[in-house]
Amino acid sequence: MLSRPGRASVTAPTAASVEAAVRLDGVTKRFGPSVALDQAWLKIGRGEFMTLLGPSGCGKTTLLNLVAGFLAPNEGEIFIDGSLVTDVPAFARQTGIVFQNYALFPHMTVASNVAYGLKARGVGKDEIGKRVADVLAMMKLTGYEARKPRELSGGQQQRVALARALVIEPKVLLLDEPFSALDKNLRGAMQVEVKEIQRRLGVTTIFVTHDQSEALSLSDRIAVMSAGRICQIDTPEALYRRPADRFVASFIGEGSLLSATLDRMEDDSATVSVGRRAVTVPSAPLAGQSPGARVDLFVRPEHLQVTTTGDAAFEGEVAASIYQGDHVDLYVDTPQAANGRLMMRLAARDAAGISGAGSKIAIAITGEDAVAFPPAGA
Ligand code: ATP
(Lines give C-alpha, C1' and ligand atoms only; values in the text may rest on other atoms or scores of the structure.)
Protein backbone atom coordinates (compact mmCIF):
# COMPACT_ATOMS: atom_id res chain seq x y z
CA MET A 1 0.00 0.00 0.00
CA LEU A 2 1.29 3.47 -0.87
CA SER A 3 1.73 5.57 2.20
CA ARG A 4 3.07 8.85 3.41
CA PRO A 5 4.16 9.53 6.96
CA GLY A 6 1.36 10.52 9.30
CA ARG A 7 -1.46 9.75 6.86
CA ALA A 8 -4.53 7.64 7.48
CA SER A 9 -5.72 5.42 4.65
CA VAL A 10 -9.35 6.42 4.25
CA THR A 11 -11.63 5.14 1.50
CA ALA A 12 -15.03 6.30 2.71
CA PRO A 13 -16.91 8.68 0.38
CA THR A 14 -17.03 12.28 1.47
CA ALA A 15 -20.11 14.37 0.75
CA ALA A 16 -18.18 17.05 -1.10
CA SER A 17 -16.64 14.64 -3.60
CA VAL A 18 -19.58 12.41 -4.57
CA GLU A 19 -20.38 14.36 -7.73
CA ALA A 20 -17.03 13.87 -9.52
CA ALA A 21 -15.75 10.61 -11.04
CA VAL A 22 -12.18 11.81 -10.46
CA ARG A 23 -11.08 14.72 -8.32
CA LEU A 24 -7.62 16.09 -7.61
CA ASP A 25 -7.38 18.51 -4.70
CA GLY A 26 -4.15 20.49 -4.79
CA VAL A 27 -2.00 17.57 -5.91
CA THR A 28 1.76 18.17 -6.11
CA LYS A 29 4.37 15.66 -7.25
CA ARG A 30 8.09 16.32 -6.90
CA PHE A 31 10.99 14.25 -8.16
CA GLY A 32 13.88 15.40 -5.98
CA PRO A 33 14.06 19.18 -6.33
CA SER A 34 12.00 19.34 -9.55
CA VAL A 35 8.23 19.82 -9.45
CA ALA A 36 6.57 17.60 -12.07
CA LEU A 37 3.02 18.57 -11.03
CA ASP A 38 2.30 21.76 -9.13
CA GLN A 39 -0.91 22.12 -7.10
CA ALA A 40 -3.26 20.45 -9.60
CA TRP A 41 -6.99 20.99 -8.98
CA LEU A 42 -9.20 19.01 -11.34
CA LYS A 43 -12.74 17.60 -11.32
CA ILE A 44 -13.83 15.11 -13.98
CA GLY A 45 -17.54 14.29 -14.35
CA ARG A 46 -18.96 10.77 -14.75
CA GLY A 47 -18.64 9.59 -18.35
CA GLU A 48 -16.57 12.61 -19.30
CA PHE A 49 -13.73 12.40 -21.85
CA MET A 50 -11.06 14.64 -20.32
CA THR A 51 -7.81 15.26 -22.16
CA LEU A 52 -4.52 16.37 -20.62
CA LEU A 53 -2.80 18.38 -23.35
CA GLY A 54 0.59 20.03 -23.27
CA PRO A 55 4.16 19.90 -24.52
CA SER A 56 6.63 17.17 -23.60
CA GLY A 57 7.62 17.22 -19.93
CA CYS A 58 4.67 19.35 -18.72
CA GLY A 59 3.45 16.68 -16.28
CA LYS A 60 0.67 14.87 -18.18
CA THR A 61 1.92 11.33 -17.59
CA THR A 62 2.75 12.19 -13.98
CA LEU A 63 -0.88 13.26 -13.42
CA LEU A 64 -2.17 10.08 -15.10
CA ASN A 65 0.15 7.88 -13.02
CA LEU A 66 -1.01 9.62 -9.84
CA VAL A 67 -4.64 8.77 -10.70
CA ALA A 68 -3.63 5.19 -11.58
CA GLY A 69 -1.79 4.84 -8.27
CA PHE A 70 1.64 4.19 -9.83
CA LEU A 71 2.91 7.33 -8.10
CA ALA A 72 2.07 8.85 -4.71
CA PRO A 73 1.67 12.64 -4.39
CA ASN A 74 3.80 14.73 -2.06
CA GLU A 75 0.82 16.95 -1.31
CA GLY A 76 -2.92 16.90 -1.99
CA GLU A 77 -5.62 14.26 -2.26
CA ILE A 78 -7.08 12.14 -5.06
CA PHE A 79 -10.68 10.90 -5.13
CA ILE A 80 -12.26 8.33 -7.46
CA ASP A 81 -16.06 8.12 -7.44
CA GLY A 82 -16.16 10.02 -4.19
CA SER A 83 -13.70 7.78 -2.34
CA LEU A 84 -10.37 9.07 -1.14
CA VAL A 85 -7.80 6.88 -2.92
CA THR A 86 -4.56 8.79 -2.30
CA ASP A 87 -3.15 5.86 -0.31
CA VAL A 88 -5.01 3.06 -2.11
CA PRO A 89 -2.68 0.86 -4.22
CA ALA A 90 -3.02 0.78 -8.01
CA PHE A 91 -4.63 -2.68 -8.24
CA ALA A 92 -7.47 -1.65 -5.91
CA ARG A 93 -8.38 1.59 -7.71
CA GLN A 94 -10.42 0.05 -10.55
CA THR A 95 -8.68 1.99 -13.27
CA GLY A 96 -7.86 0.53 -16.69
CA ILE A 97 -4.80 1.90 -18.43
CA VAL A 98 -3.55 1.78 -22.03
CA PHE A 99 0.10 2.72 -22.55
CA GLN A 100 1.75 4.23 -25.61
CA ASN A 101 3.69 0.99 -26.25
CA TYR A 102 0.64 -1.22 -25.36
CA ALA A 103 2.75 -3.19 -22.80
CA LEU A 104 1.08 -6.52 -23.68
CA PHE A 105 2.53 -9.69 -22.12
CA PRO A 106 4.50 -11.11 -25.10
CA HIS A 107 4.39 -14.76 -23.99
CA MET A 108 0.61 -14.78 -23.46
CA THR A 109 -2.14 -15.19 -26.05
CA VAL A 110 -4.61 -12.42 -26.80
CA ALA A 111 -7.25 -14.15 -24.65
CA SER A 112 -4.83 -14.57 -21.71
CA ASN A 113 -3.68 -10.96 -21.96
CA VAL A 114 -7.28 -9.77 -21.79
CA ALA A 115 -8.23 -12.24 -19.03
CA TYR A 116 -5.27 -11.28 -16.84
CA GLY A 117 -6.93 -8.50 -14.84
CA LEU A 118 -10.04 -10.60 -14.19
CA LYS A 119 -7.98 -13.58 -12.97
CA ALA A 120 -6.01 -11.29 -10.67
CA ARG A 121 -9.32 -10.13 -9.20
CA GLY A 122 -10.47 -13.70 -8.57
CA VAL A 123 -13.34 -13.67 -11.09
CA GLY A 124 -14.73 -17.18 -11.86
CA LYS A 125 -13.67 -19.08 -15.01
CA ASP A 126 -17.07 -19.02 -16.77
CA GLU A 127 -17.52 -15.31 -16.08
CA ILE A 128 -14.00 -14.62 -17.40
CA GLY A 129 -14.73 -16.60 -20.59
CA LYS A 130 -17.90 -14.63 -21.23
CA ARG A 131 -16.43 -11.19 -20.49
CA VAL A 132 -13.31 -11.83 -22.58
CA ALA A 133 -15.44 -13.02 -25.52
CA ASP A 134 -17.72 -9.97 -25.22
CA VAL A 135 -14.91 -7.42 -25.10
CA LEU A 136 -12.99 -9.10 -27.95
CA ALA A 137 -16.17 -8.98 -30.04
CA MET A 138 -16.58 -5.28 -29.22
CA MET A 139 -12.96 -4.65 -30.27
CA LYS A 140 -13.46 -6.71 -33.49
CA LEU A 141 -10.89 -9.28 -32.33
CA THR A 142 -13.03 -12.41 -32.38
CA GLY A 143 -10.94 -15.18 -34.00
CA TYR A 144 -7.64 -13.78 -32.72
CA GLU A 145 -7.91 -15.31 -29.21
CA ALA A 146 -5.02 -17.79 -29.62
CA ARG A 147 -2.52 -15.42 -31.25
CA LYS A 148 0.50 -13.96 -29.49
CA PRO A 149 1.02 -10.16 -29.59
CA ARG A 150 3.92 -10.50 -32.08
CA GLU A 151 1.47 -12.12 -34.54
CA LEU A 152 -0.70 -8.98 -34.58
CA SER A 153 -0.44 -5.62 -36.39
CA GLY A 154 0.13 -2.44 -34.38
CA GLY A 155 -3.55 -1.54 -34.63
CA GLN A 156 -4.62 -5.00 -33.44
CA GLN A 157 -2.20 -4.85 -30.51
CA GLN A 158 -3.72 -1.51 -29.62
CA ARG A 159 -7.19 -3.08 -29.61
CA VAL A 160 -5.98 -5.88 -27.32
CA ALA A 161 -4.54 -3.29 -24.93
CA LEU A 162 -7.86 -1.45 -24.93
CA ALA A 163 -9.80 -4.71 -24.46
CA ARG A 164 -7.55 -5.57 -21.49
CA ALA A 165 -8.24 -2.17 -19.92
CA LEU A 166 -12.01 -2.29 -20.54
CA VAL A 167 -12.71 -5.89 -19.52
CA ILE A 168 -12.37 -5.08 -15.82
CA GLU A 169 -15.17 -2.49 -16.26
CA PRO A 170 -12.98 0.27 -14.87
CA LYS A 171 -14.33 3.30 -13.08
CA VAL A 172 -11.79 5.34 -15.01
CA LEU A 173 -10.09 4.55 -18.32
CA LEU A 174 -6.59 6.05 -18.58
CA LEU A 175 -5.10 6.45 -22.05
CA ASP A 176 -1.45 7.54 -22.31
CA GLU A 177 -0.77 8.68 -25.90
CA PRO A 178 -2.39 5.47 -27.17
CA PHE A 179 -2.37 6.42 -30.85
CA SER A 180 1.14 7.78 -31.26
CA ALA A 181 2.68 4.52 -32.54
CA LEU A 182 0.03 4.11 -35.28
CA ASP A 183 0.33 5.45 -38.81
CA LYS A 184 -1.78 8.45 -39.73
CA ASN A 185 -4.73 6.65 -41.38
CA LEU A 186 -4.98 3.99 -38.70
CA ARG A 187 -4.71 6.65 -36.01
CA GLY A 188 -7.73 8.49 -37.40
CA ALA A 189 -9.78 5.29 -37.60
CA MET A 190 -8.80 4.22 -34.05
CA GLN A 191 -9.65 7.66 -32.66
CA VAL A 192 -13.17 7.44 -34.06
CA GLU A 193 -13.56 3.91 -32.71
CA VAL A 194 -12.27 4.71 -29.23
CA LYS A 195 -14.52 7.74 -28.95
CA GLU A 196 -17.50 5.68 -30.08
CA ILE A 197 -16.80 2.90 -27.55
CA GLN A 198 -16.14 5.43 -24.78
CA ARG A 199 -19.47 7.11 -25.43
CA ARG A 200 -21.35 3.80 -25.69
CA LEU A 201 -19.92 2.48 -22.41
CA GLY A 202 -20.10 5.88 -20.72
CA VAL A 203 -16.71 5.25 -19.10
CA THR A 204 -14.96 8.24 -17.55
CA THR A 205 -11.75 8.70 -19.53
CA ILE A 206 -8.50 10.61 -19.03
CA PHE A 207 -6.54 10.87 -22.24
CA VAL A 208 -2.97 12.15 -22.49
CA THR A 209 -1.69 13.72 -25.69
CA HIS A 210 0.56 16.49 -26.97
CA ASP A 211 -1.38 16.58 -30.27
CA GLN A 212 -3.81 19.49 -30.17
CA SER A 213 -5.94 18.40 -33.12
CA GLU A 214 -6.43 14.98 -31.49
CA ALA A 215 -7.41 16.72 -28.26
CA LEU A 216 -9.83 19.12 -29.96
CA SER A 217 -11.61 16.38 -31.90
CA LEU A 218 -12.00 13.79 -29.11
CA SER A 219 -12.51 15.61 -25.83
CA ASP A 220 -15.49 16.81 -23.86
CA ARG A 221 -13.05 19.05 -21.98
CA ILE A 222 -9.31 19.64 -22.14
CA ALA A 223 -6.89 20.56 -19.36
CA VAL A 224 -4.04 22.47 -21.00
CA MET A 225 -0.81 22.01 -19.07
CA SER A 226 2.55 23.78 -19.07
CA ALA A 227 5.58 23.23 -16.81
CA GLY A 228 3.67 21.18 -14.21
CA ARG A 229 0.71 23.56 -14.03
CA ILE A 230 -2.85 23.26 -15.33
CA CYS A 231 -3.31 26.55 -17.23
CA GLN A 232 -6.97 26.21 -18.29
CA ILE A 233 -9.70 23.55 -18.18
CA ASP A 234 -12.44 24.08 -20.75
CA THR A 235 -14.35 22.71 -23.71
CA PRO A 236 -12.44 22.59 -27.00
CA GLU A 237 -14.52 25.47 -28.36
CA ALA A 238 -14.03 27.67 -25.28
CA LEU A 239 -10.27 27.05 -25.34
CA TYR A 240 -10.13 28.04 -28.98
CA ARG A 241 -12.36 31.09 -28.62
CA ARG A 242 -11.39 32.35 -25.16
CA PRO A 243 -7.86 31.20 -24.25
CA ALA A 244 -7.04 32.35 -20.71
CA ASP A 245 -3.43 33.19 -21.38
CA ARG A 246 -0.78 33.58 -24.04
CA PHE A 247 0.43 29.97 -23.69
CA VAL A 248 -3.02 28.44 -24.22
CA ALA A 249 -3.66 30.78 -27.16
CA SER A 250 -0.48 29.75 -28.91
CA PHE A 251 -0.80 26.04 -28.08
CA ILE A 252 -4.39 25.62 -29.33
CA GLY A 253 -4.90 26.32 -33.01
CA GLU A 254 -3.14 29.05 -34.96
CA GLY A 255 -3.07 32.79 -34.58
CA SER A 256 -1.09 36.01 -34.79
CA LEU A 257 -0.21 38.67 -32.24
CA LEU A 258 -0.88 42.30 -33.19
CA SER A 259 0.48 45.34 -31.37
CA ALA A 260 -2.42 47.14 -29.70
CA THR A 261 -3.16 49.80 -27.07
CA LEU A 262 -5.57 49.36 -24.17
CA ASP A 263 -8.24 52.10 -24.39
CA ARG A 264 -10.80 51.15 -21.75
CA MET A 265 -11.36 48.50 -19.07
CA GLU A 266 -14.89 47.53 -17.97
CA ASP A 267 -16.18 44.68 -15.78
CA ASP A 268 -16.25 41.90 -18.37
CA SER A 269 -14.84 43.54 -21.45
CA ALA A 270 -12.07 45.86 -22.53
CA THR A 271 -11.47 47.91 -25.67
CA VAL A 272 -8.15 47.93 -27.44
CA SER A 273 -7.16 49.81 -30.55
CA VAL A 274 -5.26 48.25 -33.41
CA GLY A 275 -4.17 50.63 -36.14
CA ARG A 276 -7.33 52.61 -37.00
CA ARG A 277 -9.86 50.24 -35.39
CA ALA A 278 -11.14 49.44 -31.89
CA VAL A 279 -11.73 45.82 -30.87
CA THR A 280 -13.69 44.51 -27.86
CA VAL A 281 -11.97 41.74 -25.89
CA PRO A 282 -12.55 39.95 -22.55
CA SER A 283 -11.10 41.98 -19.67
CA ALA A 284 -9.92 39.07 -17.46
CA PRO A 285 -6.58 38.39 -19.21
CA LEU A 286 -5.79 42.13 -18.95
CA ALA A 287 -6.41 42.40 -15.19
CA GLY A 288 -4.06 44.93 -13.63
CA GLN A 289 -3.39 46.81 -16.91
CA SER A 290 -4.26 50.51 -17.21
CA PRO A 291 -5.59 52.48 -20.20
CA GLY A 292 -2.73 53.52 -22.46
CA ALA A 293 -0.81 50.27 -21.82
CA ARG A 294 0.67 48.47 -24.80
CA VAL A 295 -0.94 45.02 -25.16
CA ASP A 296 -0.87 42.18 -27.68
CA LEU A 297 -4.08 41.30 -29.52
CA PHE A 298 -4.31 37.62 -30.42
CA VAL A 299 -6.37 36.94 -33.55
CA ARG A 300 -7.19 33.70 -35.31
CA PRO A 301 -6.27 33.49 -39.04
CA GLU A 302 -9.95 33.37 -40.07
CA HIS A 303 -10.71 36.65 -38.25
CA LEU A 304 -8.54 38.74 -40.54
CA GLN A 305 -10.02 39.74 -43.90
CA VAL A 306 -8.72 41.55 -46.94
CA THR A 307 -10.90 44.61 -47.47
CA THR A 308 -11.37 47.25 -50.17
CA THR A 309 -13.89 49.31 -48.21
CA GLY A 310 -13.11 51.85 -45.47
CA ASP A 311 -13.09 49.36 -42.57
CA ALA A 312 -9.39 48.45 -42.75
CA ALA A 313 -7.47 48.52 -39.47
CA PHE A 314 -4.03 48.53 -41.08
CA GLU A 315 -2.10 47.64 -44.24
CA GLY A 316 0.42 44.96 -45.13
CA GLU A 317 2.32 43.32 -47.95
CA VAL A 318 1.75 39.70 -48.96
CA ALA A 319 4.90 37.62 -48.27
CA ALA A 320 3.49 34.27 -49.41
CA SER A 321 0.18 32.81 -50.49
CA ILE A 322 -0.20 29.07 -49.86
CA TYR A 323 -3.01 27.25 -51.65
CA GLN A 324 -4.61 24.61 -49.35
CA GLY A 325 -7.53 23.35 -51.46
CA ASP A 326 -10.63 24.82 -49.81
CA HIS A 327 -8.72 27.77 -48.36
CA VAL A 328 -5.62 29.89 -48.86
CA ASP A 329 -3.13 30.76 -46.10
CA LEU A 330 -1.77 34.24 -46.59
CA TYR A 331 1.41 35.35 -44.81
CA VAL A 332 1.50 39.12 -44.57
CA ASP A 333 4.33 41.43 -43.49
CA THR A 334 3.18 44.42 -41.47
CA PRO A 335 4.64 46.53 -38.66
CA GLN A 336 1.31 46.00 -36.86
CA ALA A 337 2.17 42.32 -36.22
CA ALA A 338 4.10 41.83 -32.98
CA ASN A 339 6.81 39.87 -34.78
CA GLY A 340 6.44 41.61 -38.15
CA ARG A 341 4.38 38.91 -39.90
CA LEU A 342 0.84 37.59 -39.52
CA MET A 343 -1.16 34.75 -40.98
CA MET A 344 -4.64 35.00 -42.51
CA ARG A 345 -6.88 32.21 -43.76
CA LEU A 346 -9.17 33.06 -46.65
CA ALA A 347 -11.84 30.94 -48.28
CA ALA A 348 -10.51 30.03 -51.75
CA ARG A 349 -13.14 32.21 -53.47
CA ASP A 350 -12.18 35.29 -51.33
CA ALA A 351 -8.51 34.83 -52.21
CA ALA A 352 -9.16 34.71 -55.96
CA GLY A 353 -8.60 38.44 -56.49
CA ILE A 354 -5.35 38.66 -54.52
CA SER A 355 -2.17 38.51 -56.50
CA GLY A 356 0.84 36.81 -54.94
CA ALA A 357 3.90 37.95 -53.01
CA GLY A 358 4.56 41.69 -52.99
CA SER A 359 0.94 42.84 -53.37
CA LYS A 360 -0.28 45.47 -50.92
CA ILE A 361 -3.50 44.72 -49.05
CA ALA A 362 -5.72 46.44 -46.47
CA ILE A 363 -6.76 44.25 -43.54
CA ALA A 364 -9.93 44.29 -41.43
CA ILE A 365 -10.48 42.44 -38.15
CA THR A 366 -13.76 40.53 -38.13
CA GLY A 367 -15.41 38.11 -35.70
CA GLU A 368 -16.00 38.41 -31.97
CA ASP A 369 -13.29 36.22 -30.56
CA ALA A 370 -10.13 38.30 -30.35
CA VAL A 371 -8.31 38.13 -26.99
CA ALA A 372 -5.67 40.55 -25.69
CA PHE A 373 -2.82 39.78 -23.30
CA PRO A 374 -0.27 41.92 -21.49
CA PRO A 375 3.04 41.99 -23.39
CA ALA A 376 5.27 38.95 -22.87
CA GLY A 377 7.09 39.11 -19.55
CA ALA A 378 4.73 41.77 -18.13
P1 ATP B 1 5.78 13.52 -22.47
O2 ATP B 1 4.72 14.11 -23.36
O3 ATP B 1 7.16 13.73 -23.02
O4 ATP B 1 5.51 12.12 -22.04
P5 ATP B 1 4.74 14.57 -19.95
O6 ATP B 1 3.99 15.82 -20.08
O7 ATP B 1 3.97 13.30 -19.82
O8 ATP B 1 5.82 14.44 -21.12
P9 ATP B 1 5.96 13.76 -17.46
O10 ATP B 1 6.42 12.43 -17.94
O11 ATP B 1 4.80 13.79 -16.55
O12 ATP B 1 5.70 14.75 -18.68
O13 ATP B 1 7.20 14.47 -16.76
C14 ATP B 1 7.09 15.72 -16.07
C15 ATP B 1 8.44 16.10 -15.50
O16 ATP B 1 8.80 15.19 -14.47
C17 ATP B 1 9.57 16.03 -16.52
O18 ATP B 1 10.46 17.10 -16.26
C19 ATP B 1 10.22 14.70 -16.25
O20 ATP B 1 11.58 14.73 -16.59
C21 ATP B 1 10.03 14.55 -14.75
N22 ATP B 1 9.90 13.14 -14.34
C23 ATP B 1 8.92 12.28 -14.71
N24 ATP B 1 9.08 11.06 -14.13
C25 ATP B 1 10.21 11.16 -13.39
C26 ATP B 1 10.93 10.25 -12.52
N27 ATP B 1 10.49 9.01 -12.32
N28 ATP B 1 12.05 10.72 -11.93
C29 ATP B 1 12.49 11.97 -12.10
N30 ATP B 1 11.86 12.88 -12.89
C31 ATP B 1 10.74 12.49 -13.52
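Student: Is Arg131 buried or exposed?

Tutor: Buried. Arg131 has a relative accessible area of 18%. Bear in mind that this is a predicted model.

Student: Which residue does Arg131 pair with in a salt bridge?

Tutor: Glu127. The closest N and O atoms of that salt bridge are 3.3 Å apart.

Student: How exposed is Glu127?

Tutor: Glu127 is partly exposed, at 40% relative accessible area. The cut-off for buried is under 20%, so Arg131 at 18% falls in the buried class.

Student: Where do the two sit relative to each other?

Tutor: Both are in helix H3, residues 125-138. Arg131 and Glu127 are four residues apart there, which means a separation of about one helical turn.

Student: Why does that spacing matter for direction?

Tutor: An α-helix has 3.6 residues a turn, so residues three or four places apart point the same way.

Student: What does Lys130 pair with?

Tutor: Asp134. Lys130 and Asp134 form a salt bridge with closest N and O atoms 2.8 Å apart. They also lie in helix H3, four residues apart, about one turn.

Student: And how exposed are Lys130 and Asp134?

Tutor: Lys130 is exposed, with a relative accessible area of 52%. Asp134 is partly exposed, at 42% relative accessibility.

Student: How many salt bridges does the structure hold?

Tutor: The structure holds 20. One of them joins Arg341 to Asp333, with closest N and O atoms 2.6 Å apart. Arg341 is partly exposed at 42% relative accessibility. Asp333 is partly exposed too, at 32%.

Student: Changing topic. How is the chain divided into domains?

Tutor: Domain 1 covers 17-246 and domain 2 covers 255-373. Their C-alpha centres lie 39 Å apart.

Student: How many residues does each domain give to the contact?

Tutor: Eight residues come from domain 1 and eight from domain 2.

Student: How much area do the domains bury between them?

Tutor: About 770 Å². Of that, 49% is on carbon and sulfur atoms.

Student: Which residues of domain 1 lose the most area to domain 2?

Tutor: Tyr240, Arg241 and Arg246. Together they make up 69% of what the domain 1 side buries.

Student: How many salt bridges are counted between the domains?

Tutor: Two. Arg241 also forms a salt bridge with Asp369, where the closest N and O atoms are 2.9 Å apart.

Student: How many residue pairs are in polar contact between the domains?

Tutor: Four, with both residues at pLDDT 80 or more.

Student: Which helix gives the largest share of the domain 1 side?

Tutor: Helix H7, residues 236-241, with three residues.

Student: How do the residues on that side divide by type?

Tutor: Four are nonpolar and four are charged. None is polar.

Student: Last one. How many residues of helix H1 are buried?

Tutor: Eight of its nine residues, so H1 (residues 60-68) is mostly covered by the under 20% cut-off.

Student: Which ones are buried?

Tutor: Lys60, Thr62, Leu63, Leu64, Asn65, Leu66, Val67 and Ala68.

Student: What follows H1?

Tutor: Gly69. Its phi is positive, near 95°.

Notes. Residues numbered from 1 in each chain as written. Predicted model: local features only at pLDDT ≥ 70, side-chain atom pairs only at ≥ 80, totals over all residues. Heavy atoms only, no water. Domains from an automatic or database assignment. Contact = heavy atoms within 4.5 Å. Buried area = accessible area lost by both parts, 1.4 Å probe. Salt bridge = Lys/Arg side-chain N within 4 Å of Asp/Glu carboxyl O. Polar contact = N/O pair within 3.5 Å; in protein donor to acceptor, adjacent residues only side chain to side chain. Nonpolar A, V, L, I, M, F, W, Y, C, P; charged D, E, K, R; others polar. Buried < 20%, exposed > 50% of the residue type's maximum accessible area, 1.4 Å probe, protein only.
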